[in-house]
Amino acid sequence: MRTILLAAAFAALSLSAANADDLLATRYGNTVVVKMTSGMEVHMYYAADGTFTGKVMGMNYPLKGTWKSDGSNVCLTYDPAPPNMTNPSCTPVVAHQVGDSWTANGNTATLVQGIQ
């Protein structure tokens, strides 16, 4: 379960600063794929209406909730909150575009086109 929480937090860290009006614009209709050092993979999806969903590949553990931008942070409120995770979970925004890959804490994230 700890790996799931780390994956969700890492996915939140990967959010885009597409423009000043809409921090998540490059995420809508696309997928943030997070490959954990543990081998686990998480797919996260953000919608313009302030909601998000996600899934832990190979497990029946869906992620869902709402997001809200707060200055240079994005806060995710999970429904329900995963065990041992604060709700909301706020993280700094990092700019990325479709096709970008990056690493943080040894994990790799990629913003891929479309819902995957």
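Biologist: Before we start, what is a nonpolar core?

Modeller: A nonpolar core is a set of buried Ala, Val, Leu, Ile, Met, Phe, Trp, Tyr and Cys residues joined through side-chain atoms within 4.5 Å. Keep in mind that what we're looking at is a predicted model.

Biologist: Got it. Which residues in the largest nonpolar core touch the most other members?

Modeller: That core has 21 residues, and Met44, Tyr46, Phe52, Trp67 and Leu76 touch the most other members.

Biologist: And which elements give two or more residues to this core?

Modeller: Strands S1 (31-35), S2 (41-46), S3 (51-56), S4 (62-70), S5 (73-78) and S8 (107-112) do. As a general point, nonpolar side chains tend to be buried together in soluble globular proteins.

Biologist: Let's zoom out. How many helices and strands are there in the protein chain?

Modeller: The chain has 1 helix and 8 strands. Going from the N terminus, the order is α-β-β-β-β-β-β-β-β.

Biologist: Back to S8. In which sense does S8 pair with S1, parallel or antiparallel?

Modeller: Antiparallel, over 5 bridges. If you want a spot to look at, find Val34, which stands opposite Ala109 in S8.

Biologist: What about S7 and S8, how many bridges there?

Modeller: There are 4 bridges between S7 (residues 101-104) and S8, again in the antiparallel sense. Ser101 has Thr110 in S8 as its bridge partner.

Biologist: New topic: where is Asn30?

Modeller: Asn30 sits in the loop between helix H1 (2-13) and S1.

Biologist: Is Asn30 buried or exposed?

Modeller: Asn30 counts as buried, because its relative accessibility is 10% and the cut-off for buried is under 20%.

Biologist: What is Asn30 in contact with, leaving aside neighbours within four places in sequence?

Modeller: Its contacts include Met44 and Tyr45, along with Val98, Leu111 and Ile115. Met44 is also one of those core residues that touch the most other members.

Biologist: Now Lys55. Which strand is Lys55 found in?

Modeller: Lys55 is in strand S3. With a relative accessible area of 34%, Lys55 is partly exposed.

Biologist: And what does Lys55 touch, not counting residues up to four places away?

Modeller: Lys55 touches Glu41, Val42, His43, Tyr45, Tyr61 and Gln116. Lys55 and Met44 are 11 residues apart in sequence, but their C-alpha atoms are 6.7 Å apart in space.

Biologist: Last one: what share of the protein chain counts as buried?

Modeller: Of its 116 residues, 42% count as buried. The chain exposes about 5,900 Å², with carbon and sulfur atoms supplying 52% of that.

Technical notes
Residues numbered from 1 in each chain as written. Predicted model: local features only at pLDDT ≥ 70, side-chain atom pairs only at ≥ 80, totals over all residues. Heavy atoms only, no water. Buried < 20%, exposed > 50% of the residue type's maximum accessible area, 1.4 Å probe, protein only. Pairing = 2+ DSSP bridges. Contact = heavy atoms within 4.5 Å. Areas by Shrake-Rupley, 256 points an atom, 1.4 Å probe, with all protein chains shown as cover.
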